[in-house]
Amino acid sequence: MVLTPHELQHIAQLAHLSLSPDEINTYLPQIESILSHMNDLQQVDVPSQGASDGLPSAILRDDEPLAHPDFSPQSQAPQWEGGFVVPRLS
Amino acid sequence: MVSPVIGIEIHAQLKTITKLFCGCLTQFGDTPNTHVCPVCTGAPGALPVLNKQAVVYAIMAGLALNGRIQPISVFARKNYFYPDLPKGYQISQYDRPIVLGGWIDIPVQDGVKRIGITRIHIEEDAGKLLHQGSDTIAGSSHSIVDLNRASTPLIEIVTEPDIRSATEARWVVERIRETLVHLGICDGNMEEGSLRADINVSIRDSDTSPFGTRCEIKNVNSFRSIERAIQIEISRQEALLAKGEAIIQQTRHYDEASQTTRALRDKEESHDYRYFPDPDLCPLVLDSHWIDTIKTGLPEQAPHRRDRYKQAGLSDFEIDVLLADPTACHYLDAVAEMGIPHPIAAKWIVGDLNAQLKNSGHTFASSPVTPAHLAELLTAIISGTLSGKLGKSVLSTCFETGESPQQLIAKTGQTQVSDEATLAPLVHRICGQHPDVVAKVKAGKNGAIQFLMGQIMKETKGRANPDMVKGLLDAHLHQA
Amino acid sequence: MSRIQALADAYRQGHRLVSDEVSARLSTIQTQDPTIKAFLSVQSDLAMAQANDLDHRFQKGDPMPLLAGIPIGIKDNIHINGRPTTCASKMLATYTAPYDASVSRHLLSQDAILIGKTNMDEFAMGSSTEHSAFQTTRNPRDVTRVPGGSSGGSAAAVAADMVVAALGSDTGGSIRQPAAFCGIVGLKPTYGRVSRYGLVAFASSLDQIGPLTHTVEDAAILLDAISGFDPLDSTASTHPPTTCYHHLQPDIQGMTIGVPHELLGETIDPAVKASVITALDQLAAHGARWESFSMPVLNAAVSTYYIIAPAEASSNLARFDGVRYGYRHPNCRTVKDMITNSRGHGLGDEVKRRIIIGTYVLSSGYYDAYYNQAQQVRRAITQSFHTAFQRYDLIVTPTAPSTAFELGSHHRDPLGMYLADIATIPVNMAGLPAISIPCNPDPSGLPIGLQLIAPAFEEQRLLNAALLHQTLSMATHTPKETL
């Protein structure tokens, strides 16, 4: 199974990771070898078990306010004007 | 003549006190970024914990819309990057939603049409982006992210593509909205965004042709916009096909001002949301007893209420006004419970009281005229001790001062005289004083009776019960 | 012998001042850490102020929690309010924790002294601590070698006596393997035992916080201190905190031990194998019985892990976008550029590789073949353990196939590094508790770890057996006590 540089770029875009040409060259063979190793998974016999058998159930929280008076969203914001400033969308 | 095929996705904000996965308040309109915490701002190390009330509301919606509540449903992550999405994923439900199936009835020309519902699921809302430097995304220089709304609970209701016209579509949204508002789980305010509708539109040659390519219309913010947006989209698709062009599946943004839709910029990468079950949340396993308890506790729903009022004799107009506001219905029922027939109470509620409320900015819940007050007033009118005309002014005063109608009526001494023992002799006397008029009435000039009525009203300073006087006059004049 | 208990006794008897203890530890850090590089940040002023306060309270004779005045290191992916949490990443180089992790809250409420934040592989992704963006930690037993990872800083800090104990996190072996490489004890509790609130998530269904200590008793004390239901973590079990220390006794009597032969095969170093078998034979001479058995599904464990963990990580790390905190790349014209470049420059190679793998296996067209299949195999692994535990009371394996390897030796070979996690990964897949304890070192003196695995929520059984081994063991190279 071969991963093309184009495919790698596509995945990096989906993951919003900028990759330099060097990084593409370095990562490509490494990721390919990892992915091809995973093909052995196809050989494993898996039990036909219901996906939800014996699973614990979701914890539910009462609809009560919980204040965070010390939490300041501003304090670590890279840029702030009453809210988180981001560049234009496109 | 093309045959449109329409499906709708409705997002409704649930009226919980706190957000879906954290204890922040869901209040709106406050200073940006003041109802936030590590969880809803996507801080590292924070974890979601599900709000029980949101689950209850989702179950209520599922029951009221006739769906099947799923005993096990699963939360999934919908992964994509956007500044208003703090975690880089939205917690939603994917292939195992909390409700499957359901339906809603809408009125059509010759009766009622049933529109199928595919599913309902729970998900969290995103924050808001405020664009600076321009009114449009395209022109803005930068944006500011406000996360007050982030992680507000939503339910998404998806209809089957059973809708065949813009009018039907509007009815679907209206009736679903009404259902949610009557349950008390959503404000249903499209302009403010507590109810949003995305419309999927396609066209085909006839009812039996296969479905065409559909486009999704977003940013439809009112009932009128629903109809308009669908109409222009149908026209657009018709025109394309007429030219021999294919319809591209895309998402289009509706602009109310220009009455057009335009394609949203196609992202280079496809919408690959890479859904997978959220490992921070266990599956939602619902006990059937719990669901039954919720079912028994459901408030009266709109279709049932509509039927009940119709049977009680209310007009369609009155029913529409009342059903638009469940608190008006509660008010009406409260008054009726105190012995006032529905039609009489409804007339006053939909008319005078509603007008007073609109002018003053009060609501039915905060009305200075309480149901008890109105019941008092209407009892007096029904028994004849108060004329309708006087009743209106008593209502007004009660509204302003909060004094009870009993007190007001006693104060002004403006009770109506409705007692036969007083009125009969008076009728006798007045007729005796005006024999010429009596003769005219007997001769067939019924209009002359007004003169006699006027004399009697003058004698009683307007307090005589006009219906009773009329009855007594008729009886007196036609017996001789 | 519990070092925590010994120190606690000394405090109460007036033989030792907290301020002297903390001072001594800070001094050790000052002299040794320039070489070892276990700590990313040390909050010495805070520690001394706390120590002075505790001395007053000890003097007054106030009843004090067991952990009062005990110096502890915290892995730098666990929040302590107001202190740095960098996860050893440029992305969070200047980030300050906005709240306490639940485990930190527990330790602080018991007056433990959290001396500083320890080094790790970036975002816990790695097995050597070489993937830290800031510094490479060295193994105190041999400074040319890695301490293991990803909790290498915590392991080194304990091994070098800079702290009495430390907390780490374990997703595929990141507590146990460094413990084995550094010759100390490392415990990964049952999944859900300890709250993950305030632990920067790597792989949510696998991560657990646990202690690294010199002795089994100390591991029990810390487990008791940090475990228990937490309403802020939906995956935390409803069990109350453990009481393992109180009930701790060396015990292996009548137990049957199973050893999967897939984990004693040719991929395991002969010296490691020999040491493990010696330990097993020793246990057998004291009331247990051991035998080898087959768990063939273990051969797929590494692949399963390296699909599930990166998949969850790719999603968990999506929040690092430069919008609300962390590194923001300058001069980006559009939001997309800003996000992409902030992540591209703020995240290291190993992290980016795993995000790419994770994104790939979740992407449309590949989800069924990879992610879905991996989850099925994971269930098979869990089932396989369940079946084994019907026959065996404990399962024992080497913690790692080798002793600590040399710094830089796996530089070009991520896959090789991944394959070395073969013994620890299956435990996280099944959510089981496991502990690594030192057994006989190799001929050159490098530490070797013995891993004990118990059924879910059977930490008492696990710790009792581990304590017996510790008592019997002559393999413990105890550094000079600093008392």
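The legends below describe several close-up views of a predicted model.

View 1. The link between the chains can be followed in E2(A), which is joined by four bridges to strand E11 (residues 142–146) of chain B, the two running antiparallel. Within this pairing, Val85(A) has Ile144(B) as its bridge partner in E11(B).

**View 2. Two domains of chain C are in contact.** The domain assignment of chain C gives domain 1, made of 3–255 + 460–472, and domain 2, made of 299–374. Taken over C-alpha atoms, the centres of domain 1 of chain C and domain 2 of chain C are separated by 28 Å. To the contact, domain 1 of chain C gives 20 residues, while domain 2 of chain C gives 17 residues. On the side of domain 1 of chain C that touches domain 2 of chain C, the residues divide into eleven nonpolar, seven polar and two charged.

**View 3. Ala288(C) lies in a loop of chain C.** The loop in question is found between helix H8 (270–284) and strand E8 (289–293) of chain C. Ala288(C) counts as buried because it has 23 C-beta neighbours inside 10 Å, where 20 or more are needed. When residues up to four places away in sequence are not counted, Ala288(C) touches Ile252(C), Met255(C), Ile257(C) and Leu283(C). Ala288(C) and Asn464(C) are 176 residues apart along the chain, and 13 Å separate their C-alpha atoms.

**View 4. Chain C meets chain A.** Here 46 residues of chain C are in contact with 36 residues of chain A. On the side of chain C that touches chain A, the elements that give two or more residues are helix H9 (301–316), helix H10 (335–346), helix H11 (349–362), helix H12 (368–391) and helix H13 (414–419) of chain C. The largest share of that side, eight residues, comes from H12(C). The residues of the side of chain C that touches chain A divide into 24 nonpolar, 15 polar and seven charged.

**View 5. Strand E11 (residues 448–453) of chain C is mostly covered.** Six of the six residues of E11(C) are buried. Ile448(C), Leu450(C) and Leu452(C) point one way from the strand, whereas Gly449(C), Gln451(C) and Ile453(C) point the other way. Strand E9 (residues 394–398) of chain C is joined to E11(C) by four bridges and runs antiparallel to it, with Pro398(C) standing opposite Leu450(C). Strand E10 (residues 434–439) of chain C also pairs with E11(C) in the antiparallel sense, over six bridges, and here Cys439(C) stands opposite Ile448(C).

**View 6. The largest nonpolar core has 261 residues.** Those with the most contacts inside this core are Ala58(B), Ala61(B), Ala169(B), Val172(B), Ile199(B), Ile72(C) and Leu452(C). Leaving aside neighbours within four places in sequence, Val172(B) is in contact with Ile8(B), Ile104(B), Ile106(B), Ile115(B), Thr159(B) and Ile163(B). Another core, of 32 residues, lies apart from the largest one, and among its residues are Trp348(B), Ala380(B), Leu390(B) and Phe399(B).

Methods:
Residues are numbered from 1 along each chain as its sequence is written. Chains are lettered from A and ligands numbered from 1 in the order in which they are written. This is a predicted model: local features need pLDDT of at least 70, side-chain atom pairs count only at pLDDT 80 or more; totals for chains, interfaces and linings use all residues. Two strands pair if DSSP finds at least two bridges between them. Domain bounds come from an automatic or database domain assignment. Two residues are in contact if their C-beta atoms, placed from the backbone, lie within 7 Å. Ala, Val, Leu, Ile, Met, Phe, Trp, Tyr, Cys and Pro count as nonpolar, Asp, Glu, Lys and Arg as charged, and the others, Gly among them, as polar. A residue is buried if 20 or more other C-beta atoms lie within 10 Å of its own, exposed if 12 or fewer, and partly exposed in between; C-beta atoms are placed from the backbone. A nonpolar core is a set of buried Ala, Val, Leu, Ile, Met, Phe, Trp, Tyr and Cys residues joined through C-beta atoms within 7 Å.
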